[in-house]
Each structure stands twice: as C-alpha cells, then as structure tokens.
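Colleague: I am new to this one and would like to know how the descriptions are reached. Could you show it to me and let me ask as we go?

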Amino acid sequence: MGYNLTKRVLLTVIVSALCAFGLQAQQSSDRDSIDAKYKWDLTEIYQNWDEWEAGFAKLEKMMDEVAALKGTLTKGPDALFHALKLSEDLDMLSYLVFRYPQFHRVINGNDQNATAQFQRVNILFSKFGTATAWINPEMLTIPWETMKQWLETTPGLEPFRFDIEDLYRQQAHVLDEEKEKIISYYSGFNQTPRTIYEDLSTADIDYPTVTLSDGSEVKATMGNYSRVLATNMNQADRKTIFEAHYNTYKANKNTYASIYNSICQRDWANAQARNYNSTLEANLDNNNIPVAVYENLVNTVRENTAPLQKFTKLRAKVLGLEEYHQYDGSIPITDYNETYPYEDATKMVLESVAPLGDDYQKRVATALQGGWIDVFENTGKQPGAFSAGVYGVHPYMMLNYNETMNYVFTLGHEIGHTIHTMLANENQPFSTSSYTLFVAEVASTFNERLLLDYWLDKTDNPKERIALLLQAINNIQGTFYFQSLLADYELQVHKLVEQGKPVTAEVLNRIMKDLFTTYYGDSAVHDDLMDVVWARISHFYRVPYYVYQYATCFASSALIYDDIKAKTGSEKEEALDRYLNLLKSGGNDYPMNQLMKAGVDLSTPAPYLAIINQFDKLVDQLEVEINKL
Ligand SMILES: [Zn+2]
C-alpha cells in the first residue's frame, strides 16, 4: 500500500527528532583518521553507487507496475493480494534506496553526490505518492462485508489484515468525494499559521544583546539562552538572559496568541468536519488512542507534583539560593566531569542488559562489534544521535560520542531502539514490522533504566552516584513532568475554542501561570514573565497534541520495569517474556493494545504513578548521597 511507504519514511524523521540529544560542541576531526570499526559499513546496503543506481531503476519500474494496477483491486481477493504483495516488495526495496544516500549525507553534509541522489529519491517518492493516491479510496469501494469474507478465505491477505482493518475503521471520518475535494482546497491554507509562527520566531525575531557580569556580550538567542542557563553559576547573569530572551516573545504576545488561536480554530473546524466530538479525539484517532489516556495523564500528574517540588527545594538548598527561579533549573549542582572512553561505554551497556537474557545480550554484542554504529564526530557530520532501521540489512546507529556520562546513556538508549527493530523485523511479517512512536521510546528508556541500576550497583563514589541520579531525575523532569504540563496547556486552550470562548494573550498567560503554580507550588519563585513560555514552544504550532507521547512512553517503560524487577522466579520470567513480546510485536496491533498485553493500561493512573514514584525515590536517594559529601 502506497500510504505505508510515506508512513514509514515519516516515522524515521520523527524517531530521529525524539532522539535528538542536542548539539555537542566538540572538536571536529577528519573522517579518514577514524578507525573503520567506529564507522558505518554502508557496503552492507549497497557495494557502491552503481549498485544503488540499479536499485533505484528497479524501484522506479516497480512503482510503475503498482500504478498500473489502478482499477484492478475490486476484481477479487487474488487481485488485491497481487497489488498488496507488489507494494510490499516495493516498500522493502525503498528502505535500501532511501537509506543509502540518506546515510551518506548524515556522515558528510557536504557530499554533493549523496545530496543530489537523496533529492532524486524524495522526488521519486512524492511522484509515487501522487500516482497511487487512488489505492485507499479504491480499496474502500469494496464493501466491508465483502472484504471481511476475502480476509477469511485468502490466507495470503492475513499479514495485511491489520492495515486493512485500520483503513476501514478510519473510514467513518472520511467524507464523500465532493466534500473531501472541498476540504482539500484548504490544505495549503491550513499550514499557514505554522508558517507565520516560524517566520515570526526565526526570520523576523530580534533577540537583544546583553552584557554579563564578566563583561562579555551575548545575544539572547535560543541556543545562548540554554547555554547560559546550563553553565553560568552567577544567578544575576541567568536572570539577565532570561529577561532578555522572554521579553522578546512578550513583545509580540498578542500576535503569538492570535496565531495560536488560529491553530486551535483550524483543529476544531477539521474535527467537526470529520465528525469528531473534540480536537483531542480527532488527533488521537490516528493511533486509535482513547481520550481517557490523555486526560488521565494530565490529571494524575497535576495531583502528584509533590516529588517535583521536593526536588526543586533540594536543588535550591544545595545551590545555596535564597530565591529559586525557573532559570536556576539547569545549572549543575556538583562539579563532576569524569569522562568515559567509548570502549568502557560499550562494556557497560553490554553488561547492563544481562537481565534481559542471553539472546538479547548477544544481539547487543553484535550491534556493538563494528559497522553498525557511526561513533565519533567528524567534519560535516550531522549532530545528535539516532537509530534507523534498514529492512533486510540491520539497524544503523549514529552518535557523536563525546565521553560524557550523558552519552553513555545515549548509547544505551539507541541500542534499545536497535534491538527493538531487530526483534520486530524477525518476528513480524514485513507489513506489521514497523512500530509506532508510541511504543518506540519504551524500548529505549527501558535500557536507560537498566544502565542506571547497573551503574549504581557498581559505584560507591558519591559524586558519580549523584551524577547518575541527576541524569535520571533530569530526564524524568524534562521528559515526563514538563511535557505533561505542556500537554495540559494544549488541552485547556483547545477546549476553550471548542466552547466558543475567547483566546487572548491574557488568557494563555493565566493558564500557564496556573499550571506553574500547580506544578511548582512555593518551591520556586514565579516570574510573571515566565507565563509567556507558550509562545516559544514550537511543538504547539507545528504538531498539536504531540508532546504527551514523551510522557506516556516514559510511564509505560517505568511500569514494565518495576513489574519485572519486583517479581521473582517463574513470575519474573513471565513478566520478562511479556516485555520481549511487546518488542517482538512490532506494529501488529494498536499501541494501546500492545502495551495492554505487556501489562500497561494507559487509561488508568498506574503507569503515571509508577514513574512519579520512581522520581520520588530517586530524589530521596539523591539527598542521601548529597549528605555524604
Ligand atoms: Zn529515542
């Protein structure tokens, strides 16, 4: 099916975005001087560009063959099977043809040939998308009763059952041809608020330059603001850059509010046009996620902010700050700068996964042996880190390893994605092998937790233990607590629009202020300027109702981890099997159902309480270690 291709390629981009670990400032080196075992072996995909060219030609031919099947799908189950099988072969090949130039560009952005070939692939994919836009509508002309019968009597269609059923499920919100045509006239216009937001926040934004206490001048850009907050030990300097940075957004608060209002108005119009009761329902329907999941998340976190406040108070105490502000939340509380050579990191990551069994550990050893990971930074290489599957070969991981503790965890995180992909590909037919973002970050965060516990067991050094605990605590604070706060805000504003109530800068500021009060209580001084934070969170304007997934992934992973850890004997084996089966299940069901089989019901408070309790315990442990210093 044509739409699968787009779905997969899109997933790649999203997974990479989630795994973006920020720009790591370090010395660039010449790629040729790096040992081959620390670099990708792309010859496993294609021996050379000539082979890739042949693959490209073959893909083009297959696309023509699929496009030529228009009008045949309704002829019977065999004709349908023929079309789906051909699309599947095409999808498999597209991985190779897409990844080869993509990866060459990742390791060297200046590679002109790779850039040109990558553009050719993208143009080909987009032409194919247009040429096969008829597939879903044509399939849907087959009545569900007929399709059901075909599925029951044609074993070849079984691997495609889930995708087909999902297509029919969503049909309830597809309008008739004439109405769809009218809606399609607005598709470009619907992207306009986002474009205006991006222009206002990038091209037209004018950050002021401030003078810090050491006399240095800094422009209050996004990057400099984060850097000063994370490294400058002088609170007055942090206040200075915070005020300069936030006042830039405050200056345009009415324009930002109007843009956000237009996004919520658009979402509500689209939801109503497609027969949904709310914008939230419309948005979650794509993955068949019940509205209760989202509501449970925001409500449970709201009621359990005490551990966050405990941590904030502890930070204020250790830092010796009389008044603690949000801009004091990123500076380190100890001076721990130990480095970890790559060979040590691989050894620790390998040993840490032992609880997942021999088979799992052997897979990790294979992934670490060389050729799968592009380890070090080099001139022209893309920043950040990711794991990306290449169906039929193996997943490839990209790092910019810099010997920090944070990066040892990044390696563990990406290994989690890689083994998940391997297990899904081996245990699922191609059509249900790729998993959603919703379960993706469960596998990666699970391995981070394994590494944390392994490492804490290994070291008595209080400073190292503090650094480890903070690594985990900061992760939960940023990924679970803060994203839940943002998710809460999105839901509140969309609801106002659904109720026909006004959305102004004043209204948005008030919602944010209430949320910060609920989350932080009296543990931090509230700066009114902070209220306008809604203007600088680009996710709100780019992908509404997206950030909550960071929080649900973390919660699911915590609950599964606690469950395995708490059990013994055969019960432990069973819990472990349930988890491995989740990884093996790829995308063979809706993520809610997959997680349910692994023992996680996201429509109840249990998973959210699991991560909150974990956070609470980590903060207690941190306090114990700090007292030892
Ligand atoms: Zn990730």
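**How the descriptions are reached**

Modeller: Happy to. Let's begin inside a helix: α3 has a kink of about 30° at R99, shortly before the proline P101. Please keep in mind that this is a predicted model.

Colleague: How do you know that the span of helix α3 agrees with its number of residues?

Modeller: Helix α3 covers residues 77–107, which is 31 residues. At 1.5 Å a residue it should span 45 Å, and its end C-alpha atoms are 45 Å apart, so the two agree.

Colleague: What makes up the protein chain as a whole?

Modeller: There are 27 helices and five strands in the protein chain.

Colleague: How many of the residues are buried?

Modeller: Buried residues are 38% of the 629 in the chain. The largest nonpolar core has 151 residues, and Y260, I473 and I611 touch the most other members. Helix α21, residues 462–498, gives the most to this core, with 17 residues. Leaving out residues up to four places away in sequence, I473 touches F311, F615, L618, V619 and L622.

Colleague: What makes I263 buried or exposed?

Modeller: The cut-off for buried is 20 or more other C-beta atoms within 10 Å. I263 has 26 such neighbours, so I263 counts as buried. This residue lies in helix α13, residues 253–273, and touches P193, Y541 and P544, not counting residues up to four places away in sequence. From I263 to T568 the distance is 50 Å, C-alpha to C-alpha, and they are 305 residues apart in sequence.

Colleague: And why is L399 put in its class, buried or exposed?

Modeller: L399 has 24 C-beta neighbours inside 10 Å, so L399 counts as buried. L399 sits in the loop between β5 (396–398) and α19 (405–427). Beyond four places in sequence, its contacts include I373, D374, V375 and A385, and also T410, L411 and E414. E377 is 22 residues away in sequence and 7.5 Å away in space, C-alpha to C-alpha.

Colleague: What makes N275 and N288 worth a look?

Modeller: Their backbone angles. Most residues other than glycine have a negative phi. Phi of N275, though, is near 65°, and phi of N288 is near 60°. N275 is in the loop between α13 and α14 (279–284), while N288 is in the loop between α14 and α15 (291–302).

Colleague: What is the predictor's confidence in the chain?

Modeller: The average pLDDT is 92, and 96% of the residues score at least 70. Over residues 1–26, however, the pLDDT is below 50, although this stretch has 44 contacts beyond near neighbours in sequence in the model. Where pLDDT is low, the predicted coordinates should not be read in detail.

Note on methods: Residues are numbered from 1 along each chain as its sequence is written. This is a predicted model: local features need pLDDT of at least 70, side-chain atom pairs count only at pLDDT 80 or more; totals for chains, interfaces and linings use all residues. A nonpolar core is a set of buried Ala, Val, Leu, Ile, Met, Phe, Trp, Tyr and Cys residues joined through C-beta atoms within 7 Å. A residue is buried if 20 or more other C-beta atoms lie within 10 Å of its own, exposed if 12 or fewer, and partly exposed in between; C-beta atoms are placed from the backbone. Helices (H or I, at least four residues) and strands (E, at least two) are DSSP runs, numbered from the N terminus. Two residues are in contact if their C-beta atoms, placed from the backbone, lie within 7 Å. The expected span of a helix is 1.5 Å times one less than its number of residues. The bend at a residue is the angle between axes fitted to the seven residues ending there and the seven starting there. pLDDT is the predictor's confidence in each residue, from 0 to 100.
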